[in-house]
Amino acid sequence: MPFEEIKIITIVMLPLFILLFFISLGKLKYSKELAINKWILILYSSVILILHFANIIHFMNIVIMHYLIMLVTIVNILIVLLKLIKRKKYKSIILTITAICFLLSLILDIFVYSKLQGFLLTTLATKGLIAFTIMYYYIAIKEITRVYENEKEREIYKKLAFTDGLTGLKNRLAFEEKMNYINRNLSLYKGNAFFVFDLNNLKLINDTMGHSSGDKYIIKSIIILNEVLGEFGDIYRIGGDEFVFIGEHYFDIEATIDILKDKLKICYNNEIMGIAYGYKKITEEYDDIYDVYSLADNEMYKNKITK
């Protein structure tokens with residue numbers, strides 16, 4: 001196909017391409033006016049190309065009509081954009097400026113054509129399309145940046161939603177999500193440890209010494225648990241005085257418990273404060289991680305009562 005014919009196809013399709021560009025990047029797909037405009041341009045472009053290549057009408061003879069159709073399309077786009085800006089539904093004016101650039105380029109092109117009587121799309125094909133390309137990439141980059149920032153924001157909100165405010169540990173919501181995940185992948189956790197912890201007499205300390213003392217008790221206990229178990233898995237705060245540890249890989253449970261006992265003796269050398277615990281190893285006999293949780297919880301309460 002000769003280059004001149006390719007150029008004609010491009011020029012004939014240009015009003016439709018421009019309209020689709022604004023509909024896509026301006027999120028204007030629900031505009032009734034532009035939807036009608038789109039189907040008119042599809043029909044118009046198809047008919048013109050068929051007539052041109054059938055040698056019934058040469059495109060050069062209807063250039064002015066084509067300019068006017070393009071002019072009407074851009075004016076229609078501008079009207080829709082300005083309505084949305086007026087209703088404060090479309091805050092960005094970048095696409096409006098782009099449409100105005102197209103409009104001015106087109107008016108100048110019509111003026112040049114009327115004076116020189118030749119098939120010239122000099123202004124539109126250079127300055128107009130340069131502006132089109134610059135705006136397109138600017139909006140594309142801005143959209144990518146917006147998606148990235150929204151993703152980061154979602155991650156921050158998710159972290160906040162899954163984090164305990166006082167301790168910085170994962171909270172009950174994160175715990176439930178993890179339990180559901182483990183149940184779907186239970187074989188990956190076989191042999192790992194599951195601990196349940198409870199702070200002794202937290203309510204008593206809150207009532208007699210104040211909640212600030214209770215908070216310090218909680219934080220001190222978390223520091224101990226993190227020092228002993230932190231490298232082996234995650235600790236969750238699932239209640240005011242209840243914590244759960246889920247092992248992510250194998251470690252020597254008995255040796256770790258001995259270390260925990262020694263630290264508790266040093267840090268809590270009275271009968272009021274302390275951490276009761278119970279644990280179970282996740283083995284083949286369990287089909288549900290909540291069964292392991294229940295057994296570890298029961299063991300924790302037995303240890304709490306005996307103390």
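**Entry 1: a rule to start with**

I count a salt bridge when a side-chain nitrogen of Lys or Arg lies within 4 Å of a carboxyl oxygen of Asp or Glu. With that rule in hand, I looked up aspartate 234, which forms a salt bridge with lysine 170, the closest N and O atoms being 3.4 Å apart. Aspartate 234 is in strand 2 and lysine 170 in the loop between helix 5 and helix 6, so this pair ties together parts that are 64 residues apart in sequence. I note for myself that this is a predicted model.

How open are the two partners? Aspartate 234 is partly exposed at 24% relative accessibility, and lysine 170 is partly exposed too, at 37%.

**Entry 2: the overall layout**

I stepped back to see the whole chain. I found 10 helices and four strands. Reading from the N terminus, I wrote the order down as α-α-α-α-α-α-β-α-α-β-β-α-β-α. I also looked up burial: of the 307 residues, 41% count as buried.

My search of the whole structure turned up seven salt bridges. I remind myself that side chains of opposite charge can pair when their charged atoms come close.

Which residue does arginine 237 pair with? Its partner is aspartate 164, and their closest N and O atoms are 3.2 Å apart. Aspartate 164 sits in the loop between helix 5 (122-161) and helix 6 (172-184), while arginine 237 belongs to strand 2 (residues 233-237), so the pair links parts 73 residues apart in sequence. I checked the reasoning: both count as buried because the cut-off is under 20% relative accessible area.

Next I looked at arginine 154 and glutamate 151, whose side chains meet in a salt bridge at 2.8 Å, N to O. Both residues lie in helix 5, three residues apart, which is about one turn of the helix. Arginine 154 is partly exposed at 48% relative accessibility, and glutamate 151 is partly exposed at 38%.

**Entry 3: the nonpolar cores**

I turned to the inside of the model. The largest nonpolar core has 33 residues, and Ile18, Phe22, Leu34, Phe59, Ile77 and Leu81 touch the most other members.

**Entry 4: patches on the surface**

Then I looked at the outside. Ile100, Leu104 and Ile107 form a nonpolar surface patch, and together they have about 270 Å² of accessible area. I traced isoleucine 100 to helix 4. This residue is partly exposed, with a relative accessible area of 37%.

Which residues form the negative surface patch I looked up? They are Asp252, Glu254, Asp258 and Asp262. I placed aspartate 252 in the loop between strand 3 (242-247) and helix 9 (253-267). At a relative accessible area of 45%, aspartate 252 is partly exposed.

**Entry 5: two asparagines with positive phi**

Last, I checked backbone angles. Asparagine 55 is not a glycine, yet it has a positive phi of about 60°. I found asparagine 55 in the loop between helix 2 and helix 3. Its relative accessibility is 72%, so asparagine 55 counts as exposed.

Asparagine 201 also has a positive phi, near 60°, and it too is a residue other than glycine. I located asparagine 201 in the loop between strand 1 (193-199) and helix 7 (202-209). How exposed is asparagine 201? At 34% relative accessibility, asparagine 201 counts as partly exposed.

Definitions and conventions
Residues numbered from 1 in each chain as written. Predicted model: local features only at pLDDT ≥ 70, side-chain atom pairs only at ≥ 80, totals over all residues. Heavy atoms only, no water. Patch = residues over 30% accessible without salt bridge, like charges linked within 9 Å, V, L, I, M, F, W, Y side chains within 5 Å. Areas by Shrake-Rupley, 256 points an atom, 1.4 Å probe, with all protein chains shown as cover. Lys, Arg positive; Asp, Glu negative; His and termini not counted. Charge placed at Lys NZ, Arg CZ, Asp CG, Glu CD. Buried < 20%, exposed > 50% of the residue type's maximum accessible area, 1.4 Å probe, protein only. Core = buried A, V, L, I, M, F, W, Y, C linked by side-chain atoms within 4.5 Å.
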